[in-house]
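Hello,

Here is the structure I said I would pass on. Please look through it first, then read the notes below.

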Amino acid sequence: MTSLHNRKMKKTIQQEEAVALVQDNKKEIKVCSRWKQFILLPFSEAMQVIPPFFLAGFGTLAAGLLLDRVQHWLVFKTITELFVLVPSLLGLKGNLAMTLASRLSTEAHRGIENPVKVVAGYLALDQAQALIVGLLASIIAMVTGVADGSTVNNILVLTATGLITASLVSIALGGLMCLIVIGSAHYHCNPDNIATPIAASLGDSVTLGILSVTGHLLFIIPDAHSQRLFCCLVIASFLLLIPPLLVYSWRNEHARPAVLQGWGPILLAMLISSGVGVIMSKVAESYHKAVAFLPIINGIGGNLAAIQASRLSTRYNLTGCADFSEYKTSIFLLLLTVPGHVVFLGAKQWIDSADMGSPFYLAFFCSAILQVCVLLTMSYVMILLSPYMRDMDPDLYSIPLLTALGDFLGTALLALSLDILDTLNLYRPGD
């Protein structure tokens, strides 16, 4: 009897231990699943973000390789103020194309009743803003040129190049953004995840290509008088287009709020980008082999911030308050930074075998991570400030300011890193 009782007690204890073990395993599984839900972005959302992000990254890589080539062209060596113009015109993708994509994404979430009218109003405003930004950026570069003793013809070539580039980029990227947002809405994809990275992927390389070719073609006009006359005609024609475009946008009920509110952030972003251009021209003079890395660090950081800002802006416009549930996207985007840069720098190394040395790459990754951390944090700050900015639509100011800030941080941090490495005798490109 005693042995039977002991066996029953032992079996009962074993059963209780097994039940306790199963419950502990269930608790661990629940804890793990809660942590995964807390940290990880849903798979469907991640799959919408990753392909456009890498597409955008290869676009910035192409822009970097292109800038590395065209910086040696005669037009860039003669009219060095084009380097001041480059960040402002590259910033058009953030100032205009990404902002347009963000506004259209918000309209798509609300439901676009009359897509033709919406698209026409936004495209007209986008073209007017592009011409004004191109003109002001050219004026800033022109002031730099006058201080350096540039000729009248070079200044006219600079201004005409800026206006032609701004107009063509606005038409190309603006039309593409409209198609992408409408197509995304039709196939039930979130356009916030797709439109802004694609704008970034094409924006840098297309803008830089148009700028370089246009500047070269205007510069090689053999007769000085003909060159001066043609540039003046181009400048006058584009300036005459601005008033009717603004009038049409004002009469469009969808674009009218952007006509009233959208100028301050765009102009401020353009001023920041012009400052970036001054830094870039100094980097091109002192560390010309590092110039190709500037569009990469600036473009990728701006792309990640633009995805976050577009999502936050859409949530704010739909709910009327800041939505911190987007922190999962922030964590995911931050985790994309290092592997993304590894892929793009590896591709650059494969295409262009110039080795910058281990210290440079370490400094590059540190600068990139710091840049993205600041930008993702600032995306939330800008949404939180919206009620205190006369309820200005965050679609109109968040992306322009974030991409301009990203350009400034990326360029300044990398330039500072290069100076430190050069001081320590660790900058050895080609080793």
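At roughly what angle do the axes of helix α12 and helix α14 cross? The model is predicted, so to speak of local features a pLDDT of at least 70 is needed, side-chain atom pairs count only at pLDDT 80 or more, and totals for chains, interfaces and linings use all residues. Residues are numbered from 1 along each chain as its sequence is written, and side-chain values use heavy atoms, with hydrogens and water left out.

Helices here are DSSP runs of H or I with at least four residues, numbered from the N terminus. The axes (lines fitted to C-alpha atoms over the stretch in contact, with angles from 0 to 180 degrees between N-to-C directions) of α12 (residues 294–319) and α14 (residues 358–385) cross at roughly 20° and come within 9 Å. That makes the two helices roughly parallel, a term for angles under 35 degrees. Residues in contact (heavy atoms within 4.5 Å) include Gly301 and Leu304 of α12 and Ala368 and Leu375 of α14.

Helix α9 (residues 224–251) has 28 residues and spans 42 Å from first C-alpha to last, close to the 40 Å expected, which is 1.5 Å times one less than its number of residues. Its buried residues (under 20% relative accessible area, 1.4 Å probe, protein chains only) include Cys231 and Phe238.

Regards

Terms used: Buried < 20%, exposed > 50% of the residue type's maximum accessible area, 1.4 Å probe, protein only. Parallel < 35°, antiparallel > 145°, perpendicular 65-115°, else oblique.
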